[in-house]
Every structure is written in C-alpha cells, then in structure tokens.
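Please look over the sequence and the model shown here before reading on. The paragraphs after it are meant to be read with the structure open.

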Amino acid sequence: MTTHTLEESVAKSPPGTAASSARRRPGRIRRAGLPYLLLLPALVLELLVHLLPMVIGIVMSFKELTQFYIRDWGTAPWSGLGNYRLSVDFHAPVGAALLHSFLVTVGFTLLSVALCWLIGTAAALFLQDTFRGRGLLRALFLVPYALPVYAAVITWVFMFQHDNGLVNHVLHDQLHIGAEPAFWLIGDNSFYALLTVSVWKGWPFAFLVVTAGLQNIPGELYEAAALDGAGLWQRIRRITLPSLRPVNQVLVLVLFLWTFNDFNTPYVLFGRSAPEAADLVSVHIYQASFVTWNFGTGSAMSVLLLLFLLVVTGGYLLATSRERRTSDV
C-alpha cells in the first residue's frame with residue numbers, strides 16, 4: 001500500500017478505530033503542551049530573578065567571603081559549615097546577636113500579624129452594612145496600603161522626632177502623658193515605633209482580604225440567625241468567623257511571611273543601624289553582609305532564615321489542611 005493510500009485510509013477510517021486515534025493524537029499533544037509553553041517565559045524569569053540568586057547565595061554561604069575577595073568572589077576559600085557553626089553558636093558574640101535578633105523578630109511578627117488581623121477584621125465587619133459614606137471610608141482605609149513604603153515610613157520618621165514630632169506633641173504636650181518627651185527612634189521605644197508603623201501599613205491589606213471574603217457569605221444566614229434571636233457577637237462567632245476560616249488561613253500566612261521578612265520599614269525608619277530593641281533579622285543580615293563585609297556569614301544567616309520560614313510554612317499548611325479535612329468529615 002502506498003503512502004497516499006495509507007493517508008486516505010486513515011482519513012476514511014471510522015471514529016474509535018486505531019487509525020482515527022492516531023490521527024487525533026498529535027492534536028491532543030499540541031493542546032496538552034500549550035499551557036506549559038505559555039508558562040515557559042514565567043518559569044525562565046522566575047529562574048533568573050529568584051532561583052539563580054538563591055543558588056548563588058547558598059554557594060556563598062560555604063565560602064569565606066570577605067571584603068578581600070569581593071572583586072572576585074569565586075576565588076574565596078571554602079569554609080564548609082564554618083559560617084553556619086558561627087551563626088548558631090549562641091555562646092559567641094555573632095550567634096548571640098543573631099539569636100537576640102531572631103527573638104525580637106518573632107515577637108514583633110506575632111504582635112504585628114495579630115493586630116493587623118484584628119483591626120482589619122473589625123473594620124471590614126464595621127463596613128459590611130450599607131450606609132452613607134461607606135465608599136469614602138473604604139478608600140481612606142486603603143490609603144496606607146496604597147502609599148509607597150518610603151513615603152509612608154519617612155512621614156512617621158518626622159512624626160516620631162523627639163523635639164518637634166507630632167507623636168510627642170500629642171502625647172506629652174496635649175495629653176500630658178509622661179514627664180518628658182520620649183525618644184521613639186532609639187532605645188526600647190523603638191520596638192513600639194516599629195510595631196506602630198508596621199500595623200499602620202499592614203492592616204489595610206487584612207481589611208481588603210476580609211472584605212472580599214465577607215462577600216461570599218450569604219445574607220440569608222444572618223437573617224435566619226437574627227430570627228432565632230442571635231445577637232451580634234453570636235452571629236460573628238457562629239457564622240462570620242467559621243465562614244472566613246479559609247480566607248484567614250491564607251491571610252495569616254501571607255502577613256507572617258511579609259512581616260518576618262520586612263526590610264524596608266526598619267531600614268527607612270532607623271537607617272543602616274537599627275536599635276537593639278528593633279533589630280529585626282532582615283536588618284541584622286544586612287548589617288552582617290554590607291556593614292561588616294562578611295558576605296559568607298550573611299549568606300549563611302539568610303539560608304538559615306529561609307529554612308526556618310520553609311519549616312514554619314510547611315507546618316502551617318499541614319496543620320491547616322488537616323484541620324480542613326477534619327471539619328469536612
């Protein structure tokens with residue numbers, strides 16, 4: 001049988017036969033491969049922007065990379081796990097400082113995430129009902145989230161000034177709180193200043209996400225609960241919060257990762273050297289790398305931070321998935 005006759009027989013073959021399946025297979029392959037082809041530019045960009053620098057950072061963490069090798073870091077001698085041992089030796093100055101920074105970051109992150117979620121949820125519940133001026137309030141609530149980080153934080157820098165700042169003017173001069181104006185950008189008060197700015201910037205995002213989640217709750221549930229005599233708090237506890245559980249699970253995780261890795265806020269607020277009370281891990285790693293010029297140790301700290309966040313994220317996702325399966329059963 002010639003090639004031409006074979007093609008005609010395949011074309012005339014009835015549906016469901018082997019010849020008909022062979023004819024449809026190339027089209028199926030092309031359709032199945034199209035999504036991967038469309039994802040290829042994003043995957044290449046992800047490789048260049050994130051994965052490749054991550055691999056380079058991991059390699060640098062095993063090198064004794066100081067300012068003497070900065071022009072040609074490939075010639076820096078290998079130190080093995082020396083940078084990691086130095087970072088986790090909590091009895092030595094480097095390890096003790098990193099542990100202190102880690103504990104400060106954990107406390108700061110937990111407080112910031114909790115306050116952002118609480119304020120954002122309360123604001124979303126307040127604006128759930130329709131009333132005059134609700135659209136204007138929503139727009140005003142989103143202003144801190146829409147502002148550029150530098151413009152937002154630098155405004156707080158001026159407000160926290162000791163002599164002519166707005167915060168001391170209101171607290172000390174008008175409300176007469178404290179015997180003297182407080183120093184907000186140095187000392188122990190720097191932690192509260194950083195927490196205030198972080199919550200001010202972060203709660204509008206929580207408000208936006210919770211507001212979107214509230215749109216998926218049927219109004220009939222609230223009407224039925226009101227007819228049964230349920231009060232406001234009972235409706236929130238029995239209807240709103242359980243319905244928002246999937247949204248809150250994602251929201252808390254995103255807020256945790258953003259806050260724990262936040263570098264822009266403390267850097268703009270305090271400069272290159274943050275006070276000890278507000279020494280977050282992100283700024284501490286920056287100082288270890290670009291101030292002391294010990295890029296090997298700074299890279300090791302970054303890898304340890306990455307591993308910690310991966311473990312926390314994996315554990316959180318595992319716990320929430322188990323809780324979701326249990327609730328479904």
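Predicted model: local features only at pLDDT ≥ 70, side-chain atom pairs only at ≥ 80, totals over all residues.

Residues are numbered from 1 along each chain as its sequence is written, and side-chain values use heavy atoms, with hydrogens and water left out.

The protein has 15 helices and zero strands, where helices (H or I, at least four residues) and strands (E, at least two) are DSSP runs numbered from the N terminus. Of its 329 residues, 34% count as buried, a term that stands for under 20% relative accessible area, as against exposed at over 50% and partly exposed in between (1.4 Å probe, protein chains only). The protein exposes about 20,300 Å², of which carbon and sulfur atoms supply 68%; such areas come from the Shrake-Rupley method with a 1.4 Å probe, and for residues only the protein chains shown count as cover. Taking contact to mean heavy atoms within 4.5 Å, 63% of the contacts between residues at least 6 apart in sequence join residues at least 24 apart.

Thr313 lies in helix H15, which covers residues 295–328, and it counts as buried because its relative accessibility is 16%. Once its neighbours within four places in sequence are left aside, Thr313 is in contact with Leu253 and Leu257.

The pockets come next. On a 1 Å grid over the protein atoms alone, a pocket is an open set of points where a 1.4 Å probe fits, with protein on both sides within 12 Å along at least five of seven lines, and lining residues have an atom within 4 Å of a point. The largest pocket has a volume of about 570 Å³, and its lining of 22 residues includes Ile285, Gly298, Ser299, Ser302 and Val303, which lie nearest its centre. Helix H2 (18–61), helix H14 (281–291) and H15 each give two or more residues to this lining, and H15 gives the most, with eight. By class, the lining of the largest pocket has 14 nonpolar, eight polar and no charged residues.

The second largest pocket has a volume of about 360 Å³. It is lined by 19 residues, and Val149, Lys201, Gly202, Trp258 and Asp262 are the closest to its centre. H9 gives the most to the lining of the second largest pocket, with four residues, and this lining has 11 nonpolar, six polar and two charged residues.

Conventions: Points joined across faces, edges and corners; volume = space filled by probe spheres on them. Nonpolar A, V, L, I, M, F, W, Y, C, P; charged D, E, K, R; others polar.
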